[in-house]
Amino acid sequence: MGRKFVFFLIICLLISGCESEPEILTEIENKDALVSINYPVTEVSALDEAISSYINKVRAEFKNSDYDGKPELNISYTYKEVNDEVINVSILTEIVTDKTVSKIKTFTYNKKSEKFLTMEDIVDDLDVLDYDIKKELLSKYQDADMDYLSNVSYDFFTMDDENLTIYFNPTQLKDTNDELVYLDIPLDSLNLLIDVDREENTNTYLNFKKNTINEEDKVVALTFDDGPSKYTKDILDILKKYDACGTFFLIGNKVSFYGEVLREMLSEGNEIGNHSYDHKYLTRLSEEGVKDEISKTQDEIKRVTGYTPTLFRPTYGGYNNTLKSYIDLTFVLWDVDSRDWSVKSTEGIMSNVFKDVKSGSIILFHDNHEYSVNALPSVIKELKKQGYKFVTVSELLELKKLWER
Ligand code: ZN
């Protein structure tokens, strides 16, 4: 018996060892400040500790600072499994006040040797690279601090399938744009000391299943913001069990880690909409910034599921005509707010929903909280008892056209 247990445990460890998809955590806050923090939890403890202690530091510094108005903290990330052993994570912080200040921190960790890697561990001919980089920086930044430039370090770098990207200190280069300064170096031009796995794009097209609904039916659309997350699968199971459906407004940066759940989401008759890439407050961004947030999310959803969303829900519910003119998707707000993130209980969520619900309502939930999952069966059962049927937002918009004739 004891041996069987050990054997079972070893298999579990092997399986969980193979499956290294990180969990992506999102913290969103709209109180004194607008806060959107997104980062991966890899279950590689040294890496997770380094990332979370860095984020805690940034969060604390932001909260202790004395900004005017309603400042904004956006933390986004990139995540790359360079090969079976090496993970590269970057954490990008943007603080938006009357201007935007960006900074980046990167972590490269070898799970096997249990060490953080530096550029010396990645690139063989670093001397050659060093010479080329200094020449390039000097040609761009004639006023740069020469001490910084001559001793320039390569502490912060990321890798994707094409490039090694190295980040530099804009202040010391006397760059005045408050933007990140970086150089992209094609991987193919480097003598790399480690293998870099290049990903193939998987493009599976999925049919979008429609429910049969009559014009005179009493209907509601359940919508879920800020996912996908580890709770999304539970929500799908509940929707399926009660023969309901939902519309999920996804944050683009997490999409690639939940491919299977999202394909299941679509195949079970739910809908996916766009909720920006990093959950920034979009009315404060430039046209280019907004379009980047939207198109990156559209591309990710298309790449992972084969489906191209037509709906958009603005972050923090904030929009204006300028924002509308930048985004070629249907804006979807809500008329019933469960305030699940605030009341955190089934009773509270139930009372918020049933206070306002009527036929044609769009109800707002979030699929990154446990209490939303816990409340959902009660909400659905009561809606059904009151005679409501469930539609996606696109189906509801079609119905509303009929109602308005
Ligand atoms: Zn949101």
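A residue is described here as buried when its relative accessible area is under 20%, as exposed when that area is over 50%, and as partly exposed in between, with a 1.4 Å probe and protein chains only. The model is predicted, so that local features need pLDDT of at least 70 and side-chain atom pairs count only at pLDDT 80 or more, whereas totals for chains, interfaces and linings use all residues. Residues are numbered from 1 along each chain as its sequence is written, and side-chain values use heavy atoms, with hydrogens and water left out.

The zinc ion has D226 (OD), H275 (NE2) and H279 (NE2) as its protein donors, which lie 2.1 Å from the ion. Donors are N, O and S atoms within 2.8 Å of the metal (3.2 Å for Na, K and Ca); water is not among the atoms, so sites may look incomplete. Along the chain, the spacing of these donors is D-x48-H-x3-H. Because D226 belongs to strand β10 (residues 219-227) and H279 to the loop between β12 (271-274) and α9 (287-305), the pair ties together parts that are 53 residues apart in sequence. Helices (H or I, at least four residues) and strands (E, at least two) are DSSP runs numbered from the N terminus. D226 is buried, with a relative accessible area of 5%; H279 is likewise buried, at 2%.

Backbone geometry was examined next. Most residues other than glycine have a negative phi, and most peptide bonds are trans. H279 has a positive phi of about 60° although it is not a glycine. A positive phi, near 45°, also occurs at R339, a residue of the loop between β15 (336-337) and α11 (340-343). R339 is partly exposed, with a relative accessible area of 36%. The peptide bond from G227 to P228 is cis, with omega near -5°, and P228 is placed in the loop between β10 and α7 (232-241).

UniProt, in an unreviewed entry, lists residues 218-391 as "domain: NodB homology"; its positions are given in the numbering used here, feature names are shortened, and annotations may be inferred rather than shown by experiment. Over residues 218-391 the chain is 43% helix and 18% strand, with the end C-alpha atoms 10 Å apart.

An open sheet is formed by six strands in the order β1-β2-β3-β4-β5-β6, with mixed pairing. At its edges stand β1 (23-30) and β6 (115-116), each with a single partner strand, so one side of each is left without a neighbour in the sheet. Two strands pair if DSSP finds at least two bridges between them. Strands β2 (residues 34-41) and β3 (residues 72-81) run parallel and are joined by four bridges.
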